[in-house]
Amino acid sequence: MKNANIPRRRILVVDDEPMVCDAVELMLSFDGHSVKTAANGAEALACLEGAPFDLVITDYAMPQMRGDELAQRIQARNPATPVVMITAHAELLAATRTPLPGIVMVISKPFMLETLRDAIRKTCPASPA
């Protein structure tokens with residue numbers, strides 16, 4: 001069931017696993033969000049050169065550029081863009097107290113649509129950009 005209480009957002013999803021990108025895109029599109037996907041950090045940065053996104057959702061463990069490195073580059077360009085990290089390593093990152101500058105929220109894989117909805121509510125401003 002679509003959640004009518006969530007304003008529609010423009011969201012960039014970054015993950016090197018195509019099935020994860022597709023699944024997250026499907027979940028977010030279900031609520032009417034406009035979703036673009038990128039397979040790596042460089043592709044994500046190229047996407048960000050165009051129109052701004054309301055939110056970036058990125059994986060942590062990706063080749064060439066980890067999600068936290070991508071978040072730092074995004075924040076340097078546009079500090080108003082929130083970055084949420086999805087990762088299978090959430091517990092390990094928390095246990096080792098790994099600093100994640102630029103990350104506003106960490107979501108542990110696997111996750112449900114309601115978890116994404118909650119992240120959007122918590123990290124995006126009340127009115128769409």
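**Figure 1. Order of elements and overall dimensions of the protein chain in the predicted model.** Read from the N terminus, the elements of the protein chain follow the order β-α-β-α-β-α-β-α-β-α, which amounts to 5 helices and 5 strands. The radius of gyration is 13 Å, close to the 14 Å that the globule rule gives for 129 residues, so the protein chain is as compact as a globular protein of that length. The C-alpha trace spans about 40 × 30 × 25 Å along its principal axes. Among contacts between residues at least 6 apart in sequence, 65% join residues that are at least 24 apart. Of the 129 residues, 43% count as buried, and the accessible surface comes to about 6800 Å², with 58% of that area belonging to carbon and sulfur atoms.

**Figure 2. Close-up of the largest nonpolar core.** This core has 20 residues, and those touching the most other members are Leu12, Val14, Leu48, Val56, Leu70 and Ile74. At least two residues of the core are supplied by each of strand E1 (10-14), helix H2 (41-48), helix H3 (67-77) and strand E4 (83-87), and the largest share, 4 residues, comes from H2. A second, separate core of 17 residues includes Val13, Cys21, Val24 and Leu55. In soluble globular proteins, nonpolar side chains tend to be buried together.

**Figure 3. Surroundings of Ile74.** When neighbours within four places in sequence are left aside, Ile74 is in contact with Leu45, Leu48, Val56, Pro79, Thr81 and Val83. Ile74 and two of these partners, Leu48 and Val56, are also among the residues that touch the most other members of the largest nonpolar core.

**Figure 4. Thr58 in strand E3.** Thr58 is found in the strand that covers residues 55-59, and with a relative accessible area of 0% this threonine is buried. Not counting residues up to four places away in sequence, Thr58 touches Val14, Gly67, Leu70, Val83, Val84, Met85 and Ile86.

Figure 5. For Cys47, the nearest cysteine sulfur is that of Cys21, 10 Å away, and Cys47 counts as buried at 15% relative accessibility. The sulfur of Cys124 lies 17 Å from the closest cysteine sulfur, in Cys47, which is too far for a bond, because a disulfide requires two cysteine sulfur atoms within 2.5 Å. Cys124 is likewise buried, with a relative accessible area of 8%.

Technical notes. Residues are numbered from 1 along each chain as its sequence is written. This is a predicted model: local features need pLDDT of at least 70, side-chain atom pairs count only at pLDDT 80 or more; totals for chains, interfaces and linings use all residues. Side-chain values use heavy atoms; hydrogens and water are left out. A nonpolar core is a set of buried Ala, Val, Leu, Ile, Met, Phe, Trp, Tyr and Cys residues joined through side-chain atoms within 4.5 Å. Buried means under 20% relative accessible area, exposed over 50%, partly exposed in between (1.4 Å probe, protein chains only). Contact means heavy atoms within 4.5 Å. The radius of gyration is taken over C-alpha atoms; the globule rule is 2.2 Å times the number of residues to the power 0.38. Accessible areas come from the Shrake-Rupley method with a 1.4 Å probe; for residues, only the protein chains shown count as cover.
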